[in-house]
Structures are given as C-alpha cells and as structure tokens.
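Take a look at the model below before reading on. The notes after it go from the overall layout down to a few side chains.

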Amino acid sequence: KEIWGQRTFKLRVAPHSEQSAKSYVSVVIEFVLRAGYPSEIPTIRVLPEGAVEGQRNLDKEEREKLQQALVECATEHAGEVMLFDVATKAQDLLVPYNLPLESLHARMIREEEQKAREEASAARQA
C-alpha cells in the first residue's frame with residue numbers, strides 16, 4: 001500500500017537450504033520504501049507473527065539480530081535496487097533456525113543439560 005509517498009509491503013521468507021526442502025521457521029519482513037528508494041534504504045522490520053502453522057517463530061532477540069543484519073545488507077547495497085539481496089540474506093540467515101519443532105519437555109531437558117555442561121565447564125576452569 002502507498003501512504004504519503006511511501007510504499008509498504010510485507011514479505012514472508014523461509015530459509016534457503018539445499019539439505020532440506022521442509023521449512024520449520026519463517027519470518028515476515030516489512031519494508032517501507034520512501035520516495036528516495038533505492039538511494040535511501042528502506043525501513044526494515046522483522047515482525048513477530050512470522051511463522052505459519054507447524055513452524056516456530058523467532059524470539060525477540062533472534063528477530064532483532066536478523067533485522068540488524070538485514071539493515072546492514074541494505075546499507076551495503078544503498079543506491080541499488082536491493083530488496084532481492086535483503087530477502088536472500090534473510091533466507092541464508094534463517095538456515096541455522098530451520099530445525100524441527102521439539103516438544104516443550106524435550107526443550108526443557110536440552111536446556112537443563114546445556115546449563116549443567118556450562119556449570120561443569122565453569123567449575124573446571126575455576
């Protein structure tokens with residue numbers, strides 16, 4: 001849609017992976033293009049409601065990290081038509097998150113085991 005010389009649109013992005021055709025995560029990226037685009041980079045936001053049924057959402061910290069990387073990508077391509085590059089960067093950055101959903105119980109056990117390993121490692125170093 002266009003409001004006051006700005007074009008806003010949303011794009012759902014899933015990871016690009018040659019190993020797996022299945023996506024377990026996706027995000028919705030909102031782009032706000034001003035009249036000066038592509039000389040002026042768009043406003044880029046990774047929205048919290050990105051996942052579709054059967055996929056997980058990124059948490060706030062993960063979304064912020066992804067958003068920062070996408071803004072950096074847009075900045076590197078300022079003056080060029082960059083939306084394809086930004087979307088491709090998002091696909092690449094989502095690959096590490098493309099893991100099957102795990103049950104809450106399995107996740108709690110995994111996190112407890114990770115915490116125990118970190119505590120044991122810290123105790124050995126002390």
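What follows is a short tour of the fold, the core, a helix pair and a ring pair.

## Ground rules

This is a predicted model, so to speak: local features need pLDDT of at least 70, side-chain atom pairs count only at pLDDT 80 or more, and totals for chains, interfaces and linings use all residues. Residues are numbered from 1 along each chain as its sequence is written, and side-chain values use heavy atoms, with hydrogens and water left out.

## Overall layout

The protein has three helices and four strands, taken as DSSP runs numbered from the N terminus (helices are H or I, at least four residues; strands are E, at least two). Along the sequence they read β-β-β-β-α-α-α.

Of the 126 residues, 29% are buried; buried means under 20% relative accessible area, exposed over 50%, and partly exposed in between, with a 1.4 Å probe and protein chains only. Among contacts (heavy atoms within 4.5 Å) between residues at least 6 apart in sequence, 57% join residues at least 24 apart.

## The nonpolar core

Which residues touch the most other members of the largest nonpolar core? They are V27, I29, L70 and V86, in a set of 20 residues. Two or more residues each come from β3 (27-33), β4 (43-47), α1 (60-76) and α2 (83-94). A nonpolar core here is a set of buried Ala, Val, Leu, Ile, Met, Phe, Trp, Tyr and Cys residues joined through side-chain atoms within 4.5 Å. In soluble globular proteins, nonpolar side chains tend to be buried together.

Leaving aside residues up to four places away in sequence, I29 touches F9, K10, L11, V13, I44, R45, L70 and A90.

## Two helices crossing

The axes of α1 and α2 come within 9 Å and cross at roughly 145°; axes are lines fitted to C-alpha atoms over the stretch in contact, with angles from 0 to 180 degrees between N-to-C directions. The α1/α2 crossing is right-handed (near helix turned clockwise from the far one by less than a right angle). On the α1 side, L66, A69, L70, C73 and A74 meet D85, V86, K89, A90, L93 and L94 of α2.

## One ring pair

The count of aromatic pairs comes to one: F9 and F31 are stacked, 5.2 Å centre to centre with 25° between the planes. Rings of Phe, Tyr and Trp (its six-membered ring) pair if their centres lie within 6.5 Å; planes under 30 degrees apart are stacked, over 60 edge-to-face, the rest tilted.

F9 sits in strand β2 (residues 6-13) and F31 in strand β3, so the pair ties together parts 22 residues apart in sequence. F9 is partly exposed at 30% relative accessibility, whereas F31 is buried at 0%.
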